[in-house]
Amino acid sequence: MKREVMNVESFKELYESFGVWAPVIIVSITLIRILLNPQKLREFMDTFSYARRRNIRDKEKSLESPYLDSLTRKSIQKQISEDYFYQSTGMRLDFYLRHAMLQLYEYSKGSITLPNFKRARIHLSYENKRLKVSINKFEKLFGMFSGIFFLVLSAMATFLALYLINFLFITDSTNILTKEVIGSAIVIVVYILVILWGSLLFLNIFSEIKNAEKIEKFLHENPEFNDEYLMKDPVFNIDIN
């Protein structure tokens with residue numbers, strides 16, 4: 001028995017049934033996150049550029065100049081140290097926050113890992129000589145819903161992808177590759193990519209909150225880290241062998 005052919009109209013109806021709310025929300029949240037944390041965009045661009053490596057070499061070469069005073073030399077050294085740390089871990093941090101995080105990493109003996117810090121870094125700060133985690137109730141609530149949104153969007157993307165595959169390659173139709181059908185398929189593919197981007201976006205938000213909560217809990221259960229273990233006045237020093 002010949003399978004019923006899915007026509008272009010049924011294809012469009014399926015796409016339209018999801019509405020435009022998902023892409024609008026996804027694009028809006030992406031723009032808001034870029035505006036609130038432009039460093040993420042900078043780090044993303046650095047990933048695809050060799051300019052950062054050239055910049056490090058230029059800074060290292062500038063240290064050879066005999067005309068640098070001690071403060072300028074130390075400032076350049078701090079910048080180079082920050083750049084190398086970013087290349088190694090993917091985190092761009094100032095000296096004091098980097099120092100506090102590495103000390104907590106050492107103190108936790110594996111309970112808190114560098115990936116935990118990387119995911120939670122926008123919620124971490126070094127204030128009043130203490131490592132702090134800043135998460136308000138709204139962020140915690142949004143983080144919980146982000147996990148739900150991730151599952152919903154992933155299910156939507158999977159359903160649309162399976163429908164598209166069935167429509168283009170499985171359904172028996174002699175006119176399957178008309179311009180109208182191909183155009184509709186392209187629209188759906190773009191829609192699926194946006195939904196996938198959204199699911200990853202919400203997964204990232206969920207992961208940030210959960211990792212920040214993990215670090216916050218560890219600091220709460222181990223107050224002696226900030227009170228006694230953390231070096232209060234770290235000094236930037238370069239050992240040259």
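Leaving aside neighbours within four places in sequence, which residues is isoleucine 215 in contact with?

A: A caution comes before the details. This is a predicted model.

Start with the contacts. Once neighbours within four places in sequence are set aside, isoleucine 215 is in contact with Leu104, Ile112, Asn116, Phe117, Ala120, Leu124 and Val133.

Now the core around that residue. Ile215 is among the residues with the most contacts inside the largest nonpolar core. Met101, Leu104, Phe117 and Leu131 are named alongside Ile215 in that group. The core has 22 residues. Several elements give two or more residues to this core: α6 (95-108), α7 (114-120), β1 (124-127), β2 (130-133) and α9 (179-221). The largest share comes from α9, with five residues.

Tyrosine 191 deserves a stop. Its place is in helix α9. Tyrosine 191 counts as buried because its relative accessibility is 4%, and the cut-off for buried is under 20%. Tyrosine 191 is 169 residues from alanine 22 in sequence. In space, the two are 9.3 Å apart, C-alpha to C-alpha.

Helix α9 also holds a charged pair. Glutamate 213 and lysine 210 both lie in this helix. They are three residues apart, about one turn of the helix. Their side chains meet in a salt bridge, at 3.7 Å from N to O. Glutamate 213 is partly exposed, at 22% relative accessibility. Lysine 210 is also partly exposed, with a relative accessible area of 44%.

Serine 125 has a relative accessible area of 15%, so it counts as buried. The side chain of serine 125 makes a polar contact with the side chain of glutamate 127, at 3.2 Å. Setting aside neighbours within four places in sequence, serine 125 is in contact with Leu97, Arg130, Leu131, Lys132 and Ser134. Leu131 is also one of the residues with the most contacts inside the largest core.

Now the other charged pairs. A search of the whole structure finds seven salt bridges. In one of them, the side chains of aspartate 83 and lysine 59 meet at 3.0 Å, N to O. This pair links distant parts of the chain. Aspartate 83 sits in helix α5 (residues 70-89), and lysine 59 sits in helix α4 (residues 51-62). The two are 24 residues apart. Aspartate 83 also meets arginine 92 through their side chains, in a salt bridge of 3.1 Å, N to O. Lys59, Glu82, Asp83 and Arg92 are linked in a network of salt bridges.

How covered are these charged residues? Aspartate 83 is buried, with a relative accessible area of 2%. Arginine 92 is buried too, at 4%. Lysine 59 has a relative accessible area of 14%, so it also counts as buried.

Turn to the surface. Leu141, Met144, Phe145, Ile148, Phe149 and Val152 form a nonpolar patch there. Together they have about 510 Å² of accessible area. Valine 152 is found in helix α8 (residues 137-170). Valine 152 counts as partly exposed because its relative accessible area is 40%.

Last, the chain as a whole. It has 10 helices and two strands. Read along the sequence, the pattern is α-α-α-α-α-α-α-β-β-α-α-α. Of its 241 residues, 37% count as buried. The accessible surface comes to about 15,400 Å². Carbon and sulfur atoms account for 62% of that surface. Take the contacts between residues at least 6 apart in sequence: 78% of them join residues at least 24 apart.

Back to the starting point. Isoleucine 215 is in contact with residues that include Leu104 and Phe117, and these three are among the residues with the most contacts inside the largest nonpolar core.

Notes. Residues are numbered from 1 along each chain as its sequence is written. This is a predicted model: local features need pLDDT of at least 70, side-chain atom pairs count only at pLDDT 80 or more; totals for chains, interfaces and linings use all residues. Side-chain values use heavy atoms; hydrogens and water are left out. A nonpolar core is a set of buried Ala, Val, Leu, Ile, Met, Phe, Trp, Tyr and Cys residues joined through side-chain atoms within 4.5 Å. Buried means under 20% relative accessible area, exposed over 50%, partly exposed in between (1.4 Å probe, protein chains only). Helices (H or I, at least four residues) and strands (E, at least two) are DSSP runs, numbered from the N terminus. Contact means heavy atoms within 4.5 Å. Patches are made of residues with over 30% relative accessible area and no salt bridge: like charges are joined within 9 Å, nonpolar side chains (Val, Leu, Ile, Met, Phe, Trp, Tyr) within 5 Å. Accessible areas come from the Shrake-Rupley method with a 1.4 Å probe; for residues, only the protein chains shown count as cover. A salt bridge is a side-chain nitrogen of Lys or Arg within 4 Å of a carboxyl oxygen of Asp or Glu. A polar contact is a pair of N or O atoms within 3.5 Å; within protein, one must be able to donate a hydrogen and the other to accept it, and residues adjacent in sequence count only if both atoms are side-chain atoms.
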